[in-house]
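Here are my notes on the model, as numbered points. Please read them with the structure open.

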Amino acid sequence: MSSLLKIWFLLILMNHAEITHSQNSEGLPPLLHKAVEEVITGKYLNALLDILHFQSSNVWTADMLTKVMAYFHAQEVMFTLSSLQMSIKSYLKNLLYQPRQLLSEFQQLGQQQFQTAMKYLFNSRKERLEMGNIILDLDKIREKVFQSPGVNRTLFLITLEKCFLALSAMECVDILSQVLRVSAVRYLQPGVIGSLPKDLQEDAFRNLSTVFKDLYDKTSANAQKALYSWMKQILQKSYNASEFNESTSWVSAENLWILGRYMVHLPLEEILKISLNEIRLFISYDNATKQLDTVYDITPELAQAFLERINSSGFDMRNTSTIYRLGLLVCFYDDMEQMDATVARALLHQMIKCNQLRGFQAEVQKLKAQLLNIAVQNQTLNDTLGSLSDAVVGLTSSQLESLSPEAVHNAISTLNQVSGWAKSQVMILASKYLSYEKVLSFHNVSQMGALVTGISTQSFYSMNPKELSQVIRGTTSQYSSDLSPAQHQGILRKIAASRDFSSSVIDIQGDFFKEISLSDLWKETGYNSSMMKEKELRRSQALYLYKLLSEKSSPADLLSTGQLVKGITCQLIESMGADFFLNHFKFFEKNLHLLSPYQVNCLAWKFWKVSKASMPPFFLLVLPVEYLEYVSGSLCVPFIASLGKTEMDLVNPSLHKKSTVLQKVQECLNGSIADEYDVDLLGNLICHLPPASIRGRMSPKAMAIALHQFKLCRQLSHEQKIEIKYKLLELYGSPKTWTAETTLDVGPFIALLSKGELNVLAIKFPDIILQIAKTIGPISSAEELLSTVFEFVCNTTANNRSSITRPDCLGTRAPSLDEIIKLAEANAFWSVQELKCMDAETFDKNVELLGTVSGFSSSQLIVLKEKAKQVWGSLPDWKSYHIVSLGRIALALTENEIEELDLHSIDTISALSQQTEWTLTQARSILQGFLEDSGHTISTLRSFDLVGLGAILCALNSTEIMSVRSAEFSAAAARIGLLFCSTPVLKQFKKMAESVFGIATSWNSSILQEIGTIAGGLNEDELKAFDKNLMPYFQPEAIRHIPAEIFQALSPEQIANLGPENAARVTKSQRERLSPSQLQSLQLALDGARTSAQETHSSASTTLGAQTPASSGAPRLNSFSIWLCAVFMLPLPF
């Protein structure tokens, strides 16, 4: 706020610098006179708020400015324009990042001033504020304020502290809701929740409760518990005391409704005490079902307690109307005695929601299986298919195979709404449906919903191209990401080969467009910038299209499309005029995630050249490390805040640069992370903190806030995780004392605990541990946790295990259906003998889940493969869906076994090629099997065959590669360019690429991007011939695949122009062959240095220095409110 006032005076001086009248304060209204005195004494926030309050009820006249200035001169308060302007500018920029100081300023405000502050920040509908000839953009002020996490925290805390004393409760609730929606997780901590008002009026309490209900999923488990306790306290107080005693409950129907999702925190004994009249009334509410549909984290014990009370209250639990009112409680329905098929089907219909539950899916599937058996009693599966809801997901492949095409057709309106299908199930049902329909049309496909992914690539390719164009524009487009690359290619290849491609390409949206080959794009010319707004582009496409469209569209139009920014080159950025660049930088800023590290580096240098003073501090990360020397003092906090709002991985800094940046961040924070404000400031940077900083420099108070941020980090190192573990133990104490809420909040970090500590938690909170274990990645990252889960699950289900009669399995525990579902990745701990003793039905129902377990050894995979033979029969009898369902289990197939399989379908091959652990001989067998069974030769393979073969193509020999048709290769080139083949294979693919794109030395940036790793097959002369400006357009993986003896042929200039990302992919063996001058060039590329001129360092000090605070000779403008200082960083229109 003080910022506003200071700017206001600055503007006055600029417009009235010649005013020299000597007048006293006569004629100044009292409130304005008070504000002027506050300016003189340095109370700038108070002054501005008084002026705003005065202006809200008085007409601002021009003579008031004269009187104010005269009073200043009378008091001998002298300003010079330059000193005031410099002081205000530096002060406001610094203050924007001082939320602790802002909190202190707010705490000292009077009641009227606080009311004015809240009014203009939250309740004013004005977009602009006029004070004489000065116009303030209030919308911009709010935007800047709410973009700062630290400022938002201050506003939240000061609202709790002062608002309910100064404003109406309803106004304060509205303010809290606005602030909380920014980051409820960080602000709503248990300690802060304890200071929520406990004497709110009914309407205010209801409204605030609604806010908390809306934010339920954004708050920690401990915060949820604390909010429940706060709500309970108020609800108990409002409950009629005369009716309250130990045997009755305060939980009325209305209170249940107010609690909303927080009802899951009711203790079991409290639920059992709820009045039957109140339960009956609650279930009768129209909104009860909606509320019960959202209790995703309810436990079986609580759900069954509610079901018991509902049953006791007089509701008929077998009545369809009652069942429909139960929401997610139906997932725990347990009254199965003498149930008829109608009730079972009603329950199954409602249970389609149960996949939203947080855990307990094994129990849900078991219940669905029981209901399914009842629902089909005395009827065939064909007759009942449409009434079984998503319980059909539990049917085995043999059961689905037994269905008639007519039954699938008649049930399609139900089947197309079901989620959770296994790939093999989708393949079977799609085949059944299409065999009934005979002809595949747009109408038929649009009826299939998620089952569309089961349509074979060949079937798509056989469709009419016009119908296909409708398919990818229609409702089927929402399932596009679930289609395989081969299916995408089959669809697009058919459309591209038709006469309608010109008109169709305009309508191809999203990730379908991304699959169009560069050579197909070349065939069309009718593109414009507006049609690119809904398309997703590969970088090769963007490079080509940006250049093409720049001939008829302005750069502003091209940049506004979003995806086309991927195609802007460094030369184009450099050629932009300064004003154009600055005015349109917002398009780059908005799409930073789409830019390559090289493009970001180019933007940084452009900014440095045209406007050093206004360059986003984030860009210092991509400039050479010496530029970080100038980050100090007032630049520190803006630098950290800018980095914290961006993903550092987007610019892929070298380890040296990253280390230097983090060292600078620690210097700026004075070596410690003291509290929640420091965590707010760090933002995403917290994921990159060195282990020593986490352990030695982060306070427990900061750790409590940082935990949520750490859980969002994608790639924490083992060392970071170890230090996080120590901080968690320091914060929460021994796991023996942890509550369920603390265990949930710690989440995946429980994997860091010792086996003994995990056993304690598994005994106390088994369901929570199972829930967390489901989210853990490969076994290598959480072996102790998964081992604990395995032992606990097996021990608790031992009594329910059916006896095994096979002689070789006596005394051996065999995996059960429930255990496999619960264990997920922990299934890797079954012994070979235990897997061998698994019964056929269990294997058949869980084969796809078992095929996803990454921790299975080769011996475990072999025994599972043998189990598949036992269940499905001999290999030649296996269907495509059998092979697809195997997942990693297929890796155990020998070359001879592969030869026995029916591999005619490219969709089967596409599924097999997703596995990355094939040996060369296995891959060769798969290739030969496909060619023989499909009747193809290499020369007749189509582009979608090539795409479907994927990594299997690396098994081709040189003669076979040269037999591939050029047109088919060109359509699949981008996909082939993603493969990591051997150098001899890449050399042959390079020759194929030349047959399509011309000789290698003529390739441009878009071609280099298109062919990807194929560029690893270039020879020494070809590599040397590339212009240095093309070096950044090699894909990073292509750089890695260039043999070291070839890579060393690059000139120092070429290496210096690789760009940061490509330079980072240079391998150790490639480095070892480089000369000193080449190594120096490589370091320049890693640092993001400019190679054209070494002019950068000398100019750094002058510009960055200009942003330091004004000298002490200027009037000292002390602490001021951040939320207003943001205003003065913006241009004020006159």
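At roughly what angle do the axes of helix α7 and helix α9 cross, and within what distance do they come? The points below start there; bear in mind that this is a predicted model.

1. Helix α7 covers residues 111–123 and helix α9 covers residues 149–166; their axes cross at roughly 120 degrees and come within 11 Å. That angle makes α7 oblique to α9, since an angle over 145 degrees would be needed for roughly antiparallel. The crossing of α7 over α9 is left-handed.

2. On the α7 side, the residues that meet α9 are Gln111, Phe114, Gln115, Met118, Leu121 and Phe122. Their partners in α9 are Leu155, Ile158, Thr159, Lys162, Cys163, Leu165 and Ala166. Sorted by class, the contact of α7 with α9 holds nine nonpolar residues, three polar and one charged.

3. As α13 passes α14, the crossing is left-handed.

4. What does each helix of this second pair bring to the contact? From α13 come Phe205, Leu208, Ser209 and Phe212, and from α14 come Leu227, Trp230, Met231, Ile234 and Leu235. Eight of the residues in the contact of α13 with α14 are nonpolar and one is polar, with no charged residue.

5. Turning to the aromatic side chains, the whole structure contains 26 aromatic pairs. One of them joins phenylalanine 581 and phenylalanine 588, with ring centres 6.4 Å apart and planes at 35 degrees, so this pair is tilted. Phenylalanine 581 is buried at 0% relative accessibility, and phenylalanine 588 is buried too, with a relative accessible area of 1%.

6. Is the ring pair of tryptophan 605 and tyrosine 627 stacked or edge-to-face? The ring planes stand at 85 degrees with the centres 5.8 Å apart, so the pair is edge-to-face. The two residues are 22 residues apart and link distant parts of the chain. Tryptophan 605 sits in helix α39 (residues 597–610), while tyrosine 627 lies in the loop between α39 and α40 (636–644). Both tryptophan 605 and tyrosine 627 are buried.

7. Ring pairs also build a cluster, made of Phe581, Phe585, Phe588, Phe607, Phe618 and Phe619. Phe581 and Phe588, the tilted pair of point 5, therefore belong to this cluster.

8. Two backbone points deserve a look. Asparagine 670 has a positive phi, near 55 degrees, in a residue other than glycine. The residue lies in the loop between α41 (655–668) and α42 (676–682). Asparagine 670 is exposed, because its relative accessible area of 71% is over the 50% cut-off.

9. Alanine 824 also has a positive phi, of about 50 degrees, although it is not a glycine. Its place is the loop between α50 (817–823) and α51 (832–836). Is alanine 824 buried or exposed? With a relative accessible area of 19%, alanine 824 counts as buried, because buried means under 20%.

Note on methods:
Residues numbered from 1 in each chain as written. Predicted model: local features only at pLDDT ≥ 70, side-chain atom pairs only at ≥ 80, totals over all residues. Heavy atoms only, no water. Left-handed = near helix turned anticlockwise from the far one by under 90°. Helix = DSSP H or I, 4+ residues; strand = E, 2+ residues; numbered from the N terminus. Contact = heavy atoms within 4.5 Å. Nonpolar A, V, L, I, M, F, W, Y, C, P; charged D, E, K, R; others polar. Buried < 20%, exposed > 50% of the residue type's maximum accessible area, 1.4 Å probe, protein only. Axes fitted to C-alpha atoms, helices over the stretch in contact; angles between N-to-C directions. Parallel < 35°, antiparallel > 145°, perpendicular 65-115°, else oblique. Phe/Tyr/Trp six-rings, centres within 6.5 Å; stacked < 30°, edge-to-face > 60°.
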